[in-house]
Amino acid sequence: MKKGIDMKTNKNMISEELLASFMEGTTNLENTALVLKALAEDEELQEEYILLKKLDAIMGENAEVVKRLPLMAAVAESDDNLCDFQCEQYILKRREIDFDTSSLSEEAKNNRWLREKGTPLHSVGRILEQKDLIVMRRFGAEIKDIIRAINAGHDVIAIVNNNKLLGKNENALSYHAVVVNNVVDNSVVLYDPASNKEETYSIADFIKAWEDSKSYIARVKSKDYDYNPRPIDLDDVELSVDLIDLREAIAENAHEVWADQRQEEGWRYGPKRDDIKKEHPDMVPYSMLSDSEKEYDRRMAFDTIKLMKKLGYDIIKHEDSPAYLELISKLKNIESARVCECGANIFIDQIYCPYCGKRLDWKKFK
């Protein structure tokens with residue numbers, strides 16, 4: 001699925017997740033019928049579906065199935081799409097931290113933490129960070145993580161599908177920020193900015209609504225050095241041969257960037273690291289590094305590419321992109337084709353012959 005495609009119809013609302021499940025063949029009978037009905041009635045949805053099928057064909061029929069994370073999606077189920085903004089103010093008040101609402105709002109908008117469509121998930125908690133609080137964001141959390149955080153005196157902002165939480169249209173996705181105040185007696189007590197009061201739901205109903213954000217939370221605490229890294233799980237992301245080649249290019253360039261910065265700071269090669277003399281054994285071309293020394297850059301590059309796919313982006317080579325393929329198709333259908341001296345067909349977008357490599361002189365064809 002591509003980012004930014006809003007699957008809505010006049011009579012039905014089809015979420016990206018539902019359409020993706022339909023295309024993967026994992027929907028139940030009821031949801032399959034719902035999607036088919038929407039496709040039959042909505043021409044715009046039909047066009048989007050056809051486009052996605054074409055993209056799948058370009059990427060390969062057997063492309064890996066990745067559980068995408070909605071990091072760029074916006075939480076917006078509240079007045080003026082301010083649910084996260086209100087949750088963060090709620091936490092500041094509870095912690096008795098002074099703030100000015102107008103100043104916070106201006107800062108949030110200027111830094112694009114708060115946008116017209118709401119607050120992107122990756123920006124949840126940014127205002128709190130400006131108030132000297134620590135915010136740790138995590139996908140794939142569990143109820144026990146929330147309980148542990150509350151018992152430690154931390155605040156927890158959870159992202160839920162508000163439609164499921166309220167028992168509305170469960171096929172419609174609406175991300176909403178809430179503050180989890182307590183988990184007790186099989187119930188979850190939330191501060192809901194939409195009602196501006198505490199609401200209580202069963203743990204089962206909360207989890208059902210929470211799962212749609214891939215169980216995303218922002219855990220808030222005062223500054224300390226108790227840090228337990230929890231990187232996003234990328235084990236389900238596999239890369240094609242082309243992307244593995246891309247990994248090596250990124251790794252090499254990352255080393256070049258590092259070495260260039262070091263050189264500007266006065267560092268040079270030395271047989272061992274010396275911070276006083278500013279000498280470092282890795283101040284050599286990437287090709288001179290041992291495989292063990294290259295591993296850090298390779299892992300960084302590998303995980304960066306995997307993370308992009310996990311967050312819902314596909315990496316497509318220019319010549320495989322839909323726009324490029326459409327251009328080539330149009331060029332082949334107009335009377336602009338010529339024949340190179342080697343006998344190969346050439347087109348007006350080409351500078352060199354793709355077969356013999358000769359630079360093309362288009363004046364000869366006029």
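Colleague: What makes M72, M308 and Y313 a nonpolar surface patch?
Modeller: Patch members need over 30% relative accessible area and no salt bridge, with nonpolar side chains (Val, Leu, Ile, Met, Phe, Trp, Tyr) joined within 5 Å. M72, M308 and Y313 together make a patch of about 250 Å². Mind you, this is a predicted model, where local features need pLDDT of at least 70 and side-chain atom pairs count only at 80 or more, while totals for chains, interfaces and linings use all residues. Residues are numbered from 1 along each chain, and side-chain values use heavy atoms, leaving out hydrogens and water.

Colleague: Why does M72 count as partly exposed?
Modeller: Buried is under 20% relative accessible area, exposed over 50%, and partly exposed in between (1.4 Å probe, protein chains only). M72 has 34%, so it counts as partly exposed. You'll find M72 in the loop between α3 (43–59) and β1 (74–75).

Colleague: And what lines the largest cavity?
Modeller: D84, F85, E88, A108, W113, L114, T119, S123, R126 and I127 do. The volume is about 40 Å³.

Colleague: Which residues lie nearest the centre of the second largest pocket?
Modeller: Those are M136, R138, R219, N228 and R230, out of 16 lining residues. The space there is about 470 Å³. By class, the lining has six nonpolar, two polar and eight charged residues.

Methods. 1 Å grid on protein atoms, 1.4 Å probe; cavity = no way out; pocket = protein on both sides within 12 Å on 5 of 7 lines; lining within 4 Å. Points joined across faces, edges and corners; volume = space filled by probe spheres on them. Patch = residues over 30% accessible without salt bridge, like charges linked within 9 Å, V, L, I, M, F, W, Y side chains within 5 Å. Areas by Shrake-Rupley, 256 points an atom, 1.4 Å probe, with all protein chains shown as cover. Salt bridge = Lys/Arg side-chain N within 4 Å of Asp/Glu carboxyl O. Helix = DSSP H or I, 4+ residues; strand = E, 2+ residues; numbered from the N terminus. Nonpolar A, V, L, I, M, F, W, Y, C, P; charged D, E, K, R; others polar.
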